[in-house]
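Here is a short briefing on ring contacts and charged pairs, written for reading with the structure open beside you.

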Amino acid sequence: MNQELKHKIHSIYGQLMQEKKLMQAWSKVKANKGAGGIDNITIEEYSKNENENTLALAKVMQDREYKPTAVKRVYIPKKNGGKRPLGIPVLNDRIVQQAVKNAIEPFFEKEVFHKWSCGYRPDVGVERVLQNILWNLEIGYNYIYDCDIKGFFDNIPHKNLMKILNKYIADGSILDIIWQWLKAGYMEEGKYYDTISGTPQGGVISPILANIYLNELDWELEKEGIHFVRYCDDFLLFAKTEEDITRAGEIAKRVIESLGLEVAMNKTKYVDFNKDNFKFIGFEFHHWRENKQGKKYFFVKPEEKSFKDFKRKIKQATMKTLTLNKEEWLNRVNPIIRGKTNYYLNVYKAVELNKGYGQESHCNLNCFSRDLHSIDMFVRRRLRICMQQKHPNVKKAWRLNKEWNIEYFCKIGLIPSNWWYYNKMYNYTMEQYIERQTEKNKKKNKKYIESLKQRGIKYYTEYKINKMKEVGAWI
């Protein structure tokens, strides 16, 4: 809800005086890792005397002498080529922020947040976003308003945010601390700058403050009967007609502007899913179509940039300058493969959850097998090059590919993304995968040789045969 509560959350500051609560907060900060703030104290350094440090922090809180420090401004690359500013607090500030988050989050989860707000919340995320999107598409809500808020984290008006927090929090000391965090400013290249608006991305408290602020939008959409799903500052509206989606977009724009924010028109569009595709949270949703039997379906696959990022991470993990054994190489690439492929499996999980509520699915889940095969070939190619340093007796070209083939890599423990994806959905065994891919590769190679023959090109030249005999690849 977004109405002022009669029974607000209170007695929060008292928890910050307890060393036990601060130690719990420190444990989470430590697990999340990250760089140090402007004092350059790292997590490793703080850990050496963590008990003394948290005890000293508890004493500061008990004496009510806590004052936030300015954050360190750093920049990370954005996907569009620009740079995103981050504000890195010092560790004591992160611990106190985490302690406040630990204290208020259960209350907001239970009493305040909307179920279709899915970003930066415990046990709520991509899976629920996809579940919502698929459900709306299946029941005919195929007109979509794809909206993005311009510079959201940087432009949240501080006074407006505090007014909203006052509707739910009765502890004045905590409200004062949050205000101090908002106004702490930042250091960049040795110079201090005031913070006029926004919550610094990089702070532990920022995501929950952002959700509290946009909770106003969520419940206004609910009041108007608009179907929606929100993932942080990106959201989709759904309607059954073009007229209804236009109305929904206008309402959302009005509410966003009333919050002192602005719609990013260059990233916002109306979509008719009967003929148009759209992208959200790393997936591309391909519009309704019919198969040869006249059955309607649509499909969802990862965006192309997701596959490029997959390969980029594999490339970073398989640097040719390193000399490792095969177990160490596998330990570098397997977590990447599992992580990426598990993300792709969220679509399948969402479909299955909706089926549990009686929703028939028309979503094709088998639409990017080739992309996964391409990833797997890239991984094996990178590993062959890297592993050759430890196995100089294995020659290049034919013998290298013959000895270190699909079966070899699977047996030493490499996880193929294609197998992992279909194994989780259909219990596809590794033996089935090896057999199928080996046969497919044989057919592909045979087809390639035949195409060369048709063009009058000889594949097995005398030179090639002699080279293959030299390395033992000619049998």
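Lys301 is a buried residue, with a relative accessible area of 17%. Keep in mind that this is a predicted model. Lys301 has a charged partner, Asp371, and their side chains meet in a salt bridge at 3.1 Å, N to O. Across the whole structure, a search finds 17 salt bridges and 25 aromatic pairs.

- Where do the two partners, Asp371 and Lys301, sit in the chain? Asp371 belongs to helix α15 (residues 369–387) and Lys301 to strand β11 (residues 296–302), so the pair links distant parts of the chain, 70 residues apart.
- Lys301 counts as buried because its 17% falls under the 20% cut-off, whereas Asp371, at 21% relative accessibility, counts as partly exposed.

**Salt bridges within helices**

- Side chains of opposite charge can pair when their charged atoms come close.
- Lys101 and Glu105 form a salt bridge in which the closest N and O atoms are 3.0 Å apart.
- Both residues belong to helix α5 (residues 91–111), and because they are 4 residues apart there, about one helical turn separates them.
- Are the members of this pair buried or exposed? Lys101 is buried at 18% relative accessibility, and Glu105 is buried at 13%.
- In helix α12 (residues 304–317), Arg312 and Asp309 are 3 residues apart, which means a separation of about one helical turn.
- The salt bridge between Arg312 and Asp309 has its closest N and O atoms 2.4 Å apart.
- Arg312 is partly exposed, with a relative accessible area of 40%, while Asp309 counts as buried at 19%.

**Aromatic pairs**

- A pair of aromatic rings is described by the distance of the centres and the angle of the planes.
- Among the 25 aromatic pairs is the one formed by Trp419 and Trp420, which is edge-to-face, with 6.0 Å from centre to centre and 65 degrees between the planes.
- Trp419 is buried, with a relative accessible area of 13%, and Trp420 also counts as buried at 13%.
- How are the rings of Tyr422 and Tyr426 arranged? Tyr422 and Tyr426 form a stacked pair, 6.1 Å centre to centre, with 20 degrees between the planes.
- Because Tyr422 and Tyr426 are 4 residues apart in helix α18 (residues 417–426), they are separated by about one helical turn.
- Tyr422 is buried, with a relative accessible area of 11%, but Tyr426 is partly exposed at 45%.
- Tyr422 and Tyr426 also take part in one aromatic cluster, together with Phe307, Phe310, Tyr344, Phe368, Tyr421, Tyr428 and Tyr433.

**Charges over rings**

- Which ring does Arg64 lie over? Arg64 lies over the face of Tyr13, at a distance of 4.2 Å from the ring centre.
- A lysine gives a second case: the charged end of Lys296 sits over the ring of Trp288, 5.1 Å from its centre.

Notes
Residues are numbered from 1 along each chain as its sequence is written. This is a predicted model: local features need pLDDT of at least 70, side-chain atom pairs count only at pLDDT 80 or more; totals for chains, interfaces and linings use all residues. Side-chain values use heavy atoms; hydrogens and water are left out. Rings of Phe, Tyr and Trp (its six-membered ring) pair if their centres lie within 6.5 Å; planes under 30 degrees apart count as stacked, over 60 as edge-to-face and the rest as tilted. Buried means under 20% relative accessible area, exposed over 50%, partly exposed in between (1.4 Å probe, protein chains only). Helices (H or I, at least four residues) and strands (E, at least two) are DSSP runs, numbered from the N terminus. A charge sits over a ring if NZ of Lys or CZ of Arg is within 6 Å of the ring centre and within 35 degrees of the ring normal. A salt bridge is a side-chain nitrogen of Lys or Arg within 4 Å of a carboxyl oxygen of Asp or Glu.
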